[in-house]
Structures are given as C-alpha cells and as structure tokens.
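Below is a note for a colleague who will go through this model with the coordinates open. The points are numbered so that each can be checked on its own.

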Amino acid sequence: MKHLDRITFASLLGLLLLCGCEDEGMDVLDVEIPAGYALSAGTSTNFLRSSKAYDMEAPWVAGRYASRFTNGDGLYDDVRTSGNGLGGGLGPVYAGYSCGSCHRNAGRTQPTLWSEGGSGSSGFSSMLVYVSRKNGAFFQDYGRVLHDQAIYGVEPEGKVSVTYRTQKFRFPDGEEYELCAPSYSISEWYADSIRPEDLFCTVRIPLRHVGMGQMMALDTREIEALAAKSNYPEYGISGRCNYITEKGVTGVGLSGNKAQHLDLTVELGFSSDMGVTNSRYPEEICEGQAQVNQGSMMGLAYDQLDISAEDMEDVDLYMQALGVPARRDVDDPQVVRGEQMFYEAKCHLCHVTTLHTKTRGTTLLNGTHLPWLGGQTIHPYSDFLLHDMGSEIMGVGLNDNYVSGLARGNEWRTTPLWGIGLQEVVNGHTYFLHDGRARNFVEAIMWHGGEGEASKNLFKNMPKADRDALVRFLQSL
Ligand code: HEC
Ligand code: HEC
C-alpha cells in the first residue's frame with residue numbers, strides 16, 4: 001500500500017499518520033507512531049538494558065515510597081517457608097515459593113517443562129496449570145490451580161507432563177520454520193486419580209512485569225473506544241473488552257492472558273499460587289480437600305493470616321512503581337526497516353503503539369494514590385482487548401477451550417510487547433505466547449491465526465530480509 005512509504009519519517013516526534021483512508025468502507029485509522037527515542041512510559045521510563053531492566057524502580061520513586069518499594073520487592077522475592085509468622089505461610093500445597101520464583105527479575109522465569117525436553121515430572125515449574133472437569137466444574141479435591149509442590153509431609157496435588165508434536169512449514173521463499181504444539185497430562189494425583197478423558201487442563205507461563213502500573217492507570221474509556229473502533233473487516237480484526245466483576249465492581253479486565261482481572265491479583269497470587277493466606281483469602285487453598293482431613297496435615301496450625309494487608313499493598317506498590325525499559329538501537333537501519341514492516345503487516349491494529357493514562361494515576365489496594373502514573377503517554381504495543389486467535393493451526397491453534405469471564409477458549413488479550421526484546425537478557429530464554437510454545441519470535445508470529453491470520457500472512461509473504469528486520473524491531477522493544 002502506497003501510504004506506507006510515509007512511515008519513513010517515523011522518526012519525527014508525534015507524527016500523526018492517517019492510513020488506510022483509501023480503503024472504502026474502512027474507518028479512518030489514525031496511528032500515532034512514536035519517535036524511536038520517545039519514552040516508553042513517560043516519567044517511568046528507565047534506560048537499563050541489563051538483566052535488571054524490568055526490576056528497577058521508576059525514577060520518581062523516592063522517600064517513603066522508596067522504602068515501601070524495597071519492602072514490596074523483598075516480599076515479592078523472598079522465598080517463603082512453611083513456618084508460621086514472618087516470611088512463612090507457604091503451602092501446604094503450592095505452585096511457586098515466591099512471586100519471584102515464577103516472575104524472576106520481574107520477568108518470565110524459564111518454563112521448565114520445555115527445558116527438560118518435555119518430561120517435567122519432577123522439580124519446580126514456573127507454569128500455572130488450571131484444571132477442571134470437561135464441563136468446566138472444579139474438582140473438590142483439587143481446586144482451580146494444580147499445586148504441583150508441597151511442604152514437607154504433604155503430597156503435591158499432582159505432576160504435569162507434556163508431549164510435543166512438531167510440524168515443519170515453509171515460507172513462500174523457501175525458508176523453513178517449525179511449530180511445536182504441546183499436549184499436557186497430569187499424573188501422580190494425591191487423591192482419586194482423574195481419568196484423562198474427564199480432565200480438562202490449560203497451561204500458562206508467567207507474564208513479564210513490564211508496565212503494570214501504566215496498565216492499571218489506563219483510561220479504560222480509551223480501551224472501550226478502541227473496542228468500538230477496532231473493527232477492520234478487511235483484516236478480519238475486531239477486538240472486544242472482557243468485562244469482569246471483582247470485589248463488587250464491574251469494569252474492563254486488563255491483566256492476565258485473557259484480561260480476566262481488574263487489578264494485579266496480589267491477594268490471589270499469594271493465596272492461590274503460594275498458599276499464603278490473607279485478609280481476602282483467609283482459608284488455606286486446600287481447605288475442604290481430602291488431604292486436609294488425612295493424617296499428614298493434622299497438627300499443622302493454620303489459624304493466622306500469613307501476610308498483612310499493609311504488606312500486600314507494598315507488593316502492589318512495588319509492581320506498579322517498576323520502571324519500563326526504553327527502546328534500544330532505534331536508529332539502526334534494520335530496526336527502522338523492521339518498524340515499517342510492523343505497520344505494513346498490520347501488527348499495530350492489535351499491538352496498539354500509543355495509549356494514555358488517566359489524569360489521576362492509580363490507587364493501590366488500601367487506597368494509597370500514585371499520581372505519578374497519571375497523564376502519561378505510553379507505548380505498550382497492546383490494545384488490551386480480546387481477539388479470537390484461531391483454532392486451525394496444527395489442528396489446535398491457540399484455542400485452549402478455557403473460558404475466563406467473557407473470554408472464550410480461542411480469545412486472548414493482546415500481549416503488550418514493551419520490553420519483550422529484553423526477555424532473553426532478563427530471563428535467559430525466548431519462549432513466547434500464553435503457554436510458551438513459541439521458541440522464538442518467528443514461531444510466535446506464525447502461531448497467529450483467526451483475527452491474526454491476515455497480519456500473519458502479510459509477514460509470511462515478506463522477503464526474508466524484511467521478516468528478519470521485523471524481528472529485529474521486536475528485539476528493540
Ligand atoms: C507458579 C508460578 C507463579 C507464581 C508463584 C506467581 N505467579 Fe503471577 N503469574 C503466573 C502466570 C502463569 C501468570 C499468567 C496467568 C494467566 O494469565 O492466566 C501470572 C500473571 C500475573 C499477573 C498479571 C500480569 C499481567 O501483565 O497481566 C500479575 C500482576 C502477577 N502474576 C503477580 C503475581 C504476584 C504478586 C505473585 C506473588 C504473590 C505471583 N504473581 C506469583 C505465574 C505465577
Ligand atoms: C488480531 C490481533 C493481533 C494481531 C494483528 C497481531 N497480534 Fe501478536 N498477539 C495477539 C494476541 C492476542 C497475542 C497473545 C496470544 C497468546 O498468548 O496465545 C499475541 C502475541 C504476540 C507475541 C508473543 C508475546 C509474548 O510475550 O508472548 C508476539 C511476539 C506478537 N504477538 C507479535 C506480533 C506481530 C509481529 C504481529 C504482526 C505480524 C502481530 N503480533 C499481530 C494479537 C495480535
């Protein structure tokens with residue numbers, strides 16, 4: 001399309017590009033392409049490119065916020081023990097032993113089932129496994145999340161293993177790529193074994209913690225306006241909001257792979273992932289399960305809350321006050337070319353480049369106000385909307401058949417891409433997508449089906465040099 005030539009002056013600050021106008025019947029789409037050196041998250045931007053790039057406080061964090069940030073950081077990273085009292089409360093069953101065990105360096109701990117080549121029956125995995133009956137009901141003896149770890153004397157609920165199907169494909173220019181579809185099963189159930197034909201399970205790898213304060217500060221009216229506008233029939237794209245009711249409030253879901261949460265789920269993370277009880281979830285996660293009534297857990301006293309509301313707010317503050325890494329190598333000619341290809345392939349219709357935070361900033365769990373997050377222009381590369389990503393590729397696509405709020409199995413929230421280029425430095429791997437099935441950027445793109453199909457095909461049909469440039473651009477984010 002002709003108008004794309006104009007993106008060559010993408011490095012002009014605040015350029016407003018009107019594109020797609022020549023297509024009849026299409027809404028006029030204004031794309032604000034940020035200059036390469038534009039700050040990713042306004043005053044929260046940092047300039048690190050090391051393994052600490054996701055895990056450093058924003059420049060405005062000072063005074064008592066700095067000490068609260070440090071406290072939150074500690075609570076987030078400190079390994080929990082099974083004891084009562086400070087730093088205790090882990091388990092009896094759990095999925096991770098600290099928030100940081102799964103979100104290492106505020107990122108995405110390497111999914112270990114992959115690193116073990118698929119056996120993964122022993123040891124720790126940073127994945128979350130959601131289990132239910134085929135009809136969606138939960139198992140009384142297991143709950144919503146499979147807890148594959150347990151404290152001494154208690155049995156883990158079960159162990160996950162995975163097998164992989166791989167298939168080779170070719171780009172039109174002959175270059176080969178391979179996709180790999182995982183298939184999970186669970187064994188070593190602590191109580192009644194669940195037959196594979198009765199079991200439904202879906203697996204998630206952790207999300208990077210880049211820009212969560214900005215995500216919470218988003219003006220949801222802008223997101224709703226995007227949903228109303230995000231309708232590009234010629235590319236088969238139409239995003240929608242996941243409306244969620246939590247704590248009696250209904251709003252636009254923003255966090256999680258299916259935009260299934262209104263907030264940063266601090267209380268849920270402590271309770272459901274680690275077994276750390278708190279004021280919102282005072283009961284042990286295994287309460288009511290067969291194991292609690294068996295001898296193994298008798299004598300263990302779980303009568304006090306394992307973390308206070310004040311400490312949880314500090315964890316909330318820590319996550320929202322993290323800085324967002326600035327882009328790198330923005331003047332490299334290959335990166336510049338790749339940026340043009342990103343728009344040419346219509347990636348930006350979902351991975352929306354520029355959004356704004358509401359003037360007021362955010363309010364933490366107990367009401368502390370963070371005005372610094374307000375009134376910022378940000379570049380998250382996401383519309384935070386749900387899109388049908390298809391069920392076709394290798395017979396499964398990205399469909400996990402799991403419903404979360406309004407999100408159906410084939411629907412996923414556009415993953416924000418800011419900071420993605422540093423994932424390898426921060427976490428030492430390049431596994432992408434909700435379950436980490438993509439082993440690199442090319443595979444991540446080639447899994448896009450459904451509403452992402454047209455965009456994927458635009459990428460697929462590019463000359464190799466342009467595909468490489470697009471990947472290089474992603475590495476600069
Ligand atoms: C067992 C691994 C594990 C542990 C432990 C864990 N998480 Fe997560 N976290 C995940 C996974 C997997 C997801 C993606 C879940 C989904 O979308 O279904 C996630 C998602 C999140 C998100 C949503 C992020 C976004 O960008 O939308 C937040 C916030 C979060 N976790 C915070 C925490 C906090 C706080 C703790 C500790 C209290 C914690 N997590 C402990 C694995 C873990
Ligand atoms: C129809 C909307 C849509 C379009 C168009 C689209 N994406 Fe995505 N993208 C998504 C969604 C939704 C996900 C999350 C899918 C999942 O995790 O299963 C995603 C995930 C990704 C990821 C993995 C992120 C991570 O951290 O795991 C990358 C990389 C990516 N997209 C790049 C691209 C590129 C490059 C293009 C253009 C060629 C593109 N996307 C076009 C919606 C879209």
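**Notes on the predicted model**

1. Donors here are N, O and S atoms within 2.8 Å of the metal (3.2 Å for Na, K and Ca), and sites may look incomplete since water is not among the atoms. This is a predicted model, in which local features need pLDDT of at least 70, side-chain atom pairs count only at pLDDT 80 or more, and totals for chains, interfaces and linings use all residues; side-chain values use heavy atoms, with hydrogens and water left out. Residues are numbered from 1 along each chain as its sequence is written, while chains are lettered from A and ligands numbered from 1 in the order in which they are written.

2. Helices (H or I, at least four residues) and strands (E, at least two) are DSSP runs, numbered from the N terminus. H351 counts as buried because its relative accessibility is 12%; buried means under 20% relative accessible area, exposed over 50%, and partly exposed in between (1.4 Å probe, protein chains only).

3. Around ligand 2 there are 27 residues, of which C347, C350, H351, H434 and H448 come nearest. A residue is counted as near if one of its heavy atoms lies within 4 Å.
   - A polar backbone atom of L433 is 2.7 Å from an oxygen atom of ligand 2.
   - An N or O atom in the side chain of H434 is 2.6 Å from an oxygen atom of ligand 2.
   - An N or O atom in the side chain of H448 is 2.8 Å from a nitrogen atom of ligand 2.

4. Which residue donates to the iron atom of ligand 1? H103 (NE2), at 2.1 Å, is the only protein donor. H103 is placed in the loop between α2 (99-102) and α3 (112-115). Ligand 1 is surrounded by 28 residues, the closest being C99, C102, H103, R204 and G256. An oxygen atom of ligand 1 is 2.7 Å from an N or O atom in the side chain of Y130. A polar backbone atom of G256 is also 2.7 Å from an oxygen atom of ligand 1, and a polar side-chain atom of R413 is 3.2 Å from an oxygen atom of this ligand.

5. The largest nonpolar core has 56 residues, and I223, L254, F270, M319 and L355 touch the most other members. Such a core is a set of buried Ala, Val, Leu, Ile, Met, Phe, Trp, Tyr and Cys residues joined through side-chain atoms within 4.5 Å. Two or more residues come from each of α1 (64-77), β4 (93-94), α4 (212-217), α5 (220-229), α6 (266-274) and α8 (309-320). The most, 5 residues, come from α8. A second, separate core of 35 residues includes Y381, I393, L398 and F459.

6. Helix α6 is mostly covered, with 8 of its 9 residues buried. Its buried residues are covered by elements including α1, β4, α2 and α8. Leaving aside neighbours within four places in sequence, F270 is in contact (heavy atoms within 4.5 Å) with residues including L75, C99, I307, M312 and V315. G275 follows α6 and has a positive phi, near 80°.

7. S101 is in helix α2 and is buried, with a relative accessible area of 0%. Beyond four places in sequence, S101 touches G96, T109, F124 and S126. S40 is in the loop between β2 (29-33) and β3 (45-46) and counts as buried at 6% relative accessibility.

8. Overall, the protein has 13 helices and 20 strands. Of its 477 residues, 58% count as buried.

Note on methods: Polar contact = N/O pair within 3.5 Å; in protein donor to acceptor, adjacent residues only side chain to side chain.
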